[in-house]
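Come along while I look things up, one entry at a time.

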Amino acid sequence: MAIYRIAIGSPREASNPAAIRAAFAEFFSMLIFVFAGQGSGMAYSKLTGNGPATPGGLIVASLSHAFALFVAVAVGANISGGHVNPAVTFGAFIGGNITLLRSILYWIAQLLGSVVACILLNVATGGMETSAFSLSSGVSVWNAIVFEIVMTFGLVYTVYATAVDPKKGNVGVVAPIAIGSIVGANILVGGAFDGASMNPAVSFGPAVVSWSWTHHWVYWLGPFIGSAAAAILYDNIFIGDDAHEPLTTSDF
């Protein structure tokens, strides 16, 4: 079982140069992703005079997030693995591909990257609001949780299939494209219902800057459940004990 391969790690990881570089990579990748993704929504609001949401706006959000995530994953892949998402990091931890202590470093970097991106957007736009994620009219918290679980399951399943699986072969070359594409596709599905976060850090930055926390917990619980389910399922069914690549001793 993948759950038995999880590792806590050593306190010295906090000062390990490789771990610190990886955390910085996650910070900058998240900043790039949130600045472009959140910024595209703010640009749309400016162009429409804060008009109502439209199908065209949903398509714009899908494309901007897909393109931005493709780049953010690609630029961080060789340094940190290009997680760009606390839920992806959690899935990697559950599958025994990263230690808990390094995961915590990643989470801190990812959250800070999102907050800094939203602050920069607020300053650059002359004080425009960085809107927090929220549920649409008629959408309950349980509806949103199901959306976030299923969408994040698809995202982390894709990450495992294209980037984590030791048997990925040449498929790993297109991993950033596949990961960005599934996020863009999921936004087309869930964007009109709960914003389609799939990423606690993406929700955290706007919530901090706008100081709006209504239903914020939904955007942590759903993605973490979906991530864990995808990691456990893929690791146990498709990777298995024989093909699993253990963490190096320097990671413990």
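**Ground rules.** I take helices (H or I, at least four residues) and strands (E, at least two) as DSSP runs, numbered from the N terminus. My model is a predicted one, where local features need pLDDT of at least 70 and side-chain atom pairs count only at pLDDT 80 or more, while totals for chains, interfaces and linings use all residues. Residues are numbered from 1 along each chain as its sequence is written, and side-chain values use heavy atoms, with hydrogens and water left out.

**Entry 1: loops with positive phi.** I looked up Met 198 and found it in the loop between α6 (175–194) and α7 (200–210). Its phi is near 60 degrees, which is positive in a residue other than glycine. Is Met 198 buried or exposed? I call a residue buried under 20% relative accessible area, exposed over 50% and partly exposed in between (1.4 Å probe, protein chains only). Met 198 is buried, at 1%.

Next I went to His 215, in the loop between α7 and α8 (218–243). His 215 is not a glycine, yet it has a positive phi of about 60 degrees. With a relative accessible area of 32%, His 215 is partly exposed.

**Entry 2: helix α4.** I checked the span of α4 (residues 100–124), which has 25 residues. The expected span is 1.5 Å times one less than the number of residues. From first C-alpha to last, α4 reaches 36 Å, close to the 36 Å expected. After α4 comes Gly 126, with a positive phi near 75 degrees.

**Entry 3: α1 against α2.** How do α1 and α2 (residues 55–80) pack? Their axes are 9 Å apart, at an angle of about 170 degrees. For this, axes are lines fitted to C-alpha atoms, for helices over the stretch in contact, and angles run from 0 to 180 degrees between N-to-C directions. Angles under 35 degrees count as roughly parallel, over 145 as roughly antiparallel, 65 to 115 as roughly perpendicular and the rest as oblique. That makes α1 roughly antiparallel to α2. Contact here means heavy atoms within 4.5 Å. Among the residues making it are Ala 25, Ser 29 and Gly 37 of α1 and Ser 64, His 65 and Ala 68 of α2.

I then zoomed in on Gly 37, which lies in α1 and is buried at 4% relative accessible area. Leaving aside neighbours within four places in sequence, Gly 37 touches Ser 64 and His 65. I also noted that the C-alpha atoms of Gly 37 and Leu 63 are 9.0 Å apart, although 26 residues separate them along the chain.

**Entry 4: aromatic rings.** I pair rings of Phe, Tyr and Trp (its six-membered ring) if their centres lie within 6.5 Å; planes under 30 degrees apart count as stacked, over 60 as edge-to-face and the rest as tilted. That gives 16 aromatic pairs. Why is the pair of Phe 24 and Phe 28 stacked? Their ring centres are 6.5 Å apart and their planes lie at 20 degrees, so the pair is stacked. The two sit 4 residues apart in α1 (residues 17–47), about one helical turn. An α-helix has 3.6 residues a turn, so residues three or four places apart point the same way. Phe 24 is partly exposed at 49%, and Phe 28 is partly exposed at 47%. Elsewhere, I found one aromatic cluster formed by Phe 90, Phe 93, Trp 107, Trp 220 and Phe 224.

**Entry 5: charges.** How many salt bridges does the structure hold? I counted 1, taking a salt bridge as a side-chain nitrogen of Lys or Arg within 4 Å of a carboxyl oxygen of Asp or Glu. Lys 167 forms a salt bridge with Asp 165, with the closest N and O atoms 3.2 Å apart. Asp 165 is buried, at 5% relative accessible area.
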